Amino acid sequence: MNAAPADQIRLLDVQSLDVRLTQLAHKRSTLPELAELSALEAELTQQRDLLVAAQTEESDTTREQTKAEQDVDQVRQRAARDQKRLDSGAVTSPKDLESLQRELASLAKRQGDLEDIVLEVMERREAAQARAAELDGRVQAVQAKVDDATARRDAACTEIDAEVETVTKERELTVADIPADLLKLYDRLREKHGGVGAARLYQRRCEGCRLELDLTELNDVRSAAADAVVRCENCSRILVRTPDSGL
Ligand SMILES: [Zn+2]
């Protein structure tokens with residue numbers, strides 16, 4: 001393949017733009033904010049789950065407390081009824097009186113037990129409320145961190161994307177003058193060889209594979225026409241000659 005030396009040198013410009021694009025893509029996919037966000041999202045999910053559990057406990061104990069208070073009320077009402085009967089003097093038989101008094105005593109004990117239950121449930125409810133409030137605070141704090149990291153990630157991406165756009169435009173302009181067959185070869189080699197398709201021959205060394213050319217190879221390059229597209233024998237990349245090639 002033949003191509004004007006100026007076009008071959010232009011290929012090196014394209015190569016450095018392509019390297020820049022690869023670096024930018026790598027930078028974008030390895031932003032520290034991405035790892036930070038993924039850790040924060042996991043923490044957020046965990047804290048939210050704990051919050052939901054605490055809120056469920058809170059509503060369960062609220063229901064439980066209402067039920068326990070109703071139980072106390074029922075016993076209290078029944079005791080009041082019994083007391084009223086006792087006070088009315090309508091019950092006169094000693095056996096009935098004794099039975100009524102026994103029931104009142106039993107209701108008083110029952111009421112006491114149920115009030116203890118109410119207190120115990122209230123304590124659990126208050127603990128659940130406090131825990132839910134604390135977790136709500138934690139969720140909000142983690143969410144704030146997520147928002148902050150998201151904003152930083154977006155800003156970094158916007159900056160990278162703007163540079164990608166600039167470099168891409170510059171590449172378009174640079175490749176416009178390069179013959180299609182040379183560009184096609186370059187693109188093919190670049191894809192095959194880790195993103196580098198054209199390398200400068202610098203002080204007898206291929207900058208693609210970093211190997212120094214041996215005497216035979218050097219002589220081949222020296223005798224090649226200026227517009228011949230020379231390839232590195234070691235890495236097969238396009239070897240671009242410049243005044244610094246050491247020929
Ligand atoms: Zn090479």
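Leu-31 sits in the loop that joins α1 (5-29) to α2 (32-88), where helices (H or I, at least four residues) and strands (E, at least two) are DSSP runs numbered from the N terminus. The model is a predicted one, in which local features need pLDDT of at least 70 and side-chain atom pairs count only at pLDDT 80 or more, while totals for chains, interfaces and linings use all residues. Residues are numbered from 1 along each chain as its sequence is written.

Leu-31 counts as partly exposed because it has 16 C-beta neighbours inside 10 Å, the class between buried (20 or more other C-beta atoms within 10 Å) and exposed (12 or fewer), with C-beta atoms placed from the backbone. Leaving aside residues up to four places away in sequence, Leu-31 touches Arg-153 and Ala-156, contact meaning backbone-placed C-beta atoms within 7 Å.

The axes of α1 and α3 (residues 94-175) come within 10 Å and cross at roughly 160°, the axes being lines fitted to C-alpha atoms over the stretch in contact, with angles from 0 to 180 degrees between N-to-C directions. The two helices are therefore roughly antiparallel, a term for angles over 145 degrees.

| Helix | Residues in the α1 to α3 contact, including |
|---|---|
| α1 | Val-14, Leu-17, Leu-21 |
| α3 | Ile-160, Val-164, Val-167 |

For residues 205-239, an unreviewed UniProt entry lists "domain: C4-type zinc ribbon", an annotation that may be inferred rather than shown by experiment. Over residues 205-239 the chain is 26% helix and 17% strand, and the end C-alpha atoms are 10 Å apart.

Conventions:
Two residues are in contact if their C-beta atoms, placed from the backbone, lie within 7 Å. Angles under 35 degrees count as roughly parallel, over 145 as roughly antiparallel, 65 to 115 as roughly perpendicular and the rest as oblique.
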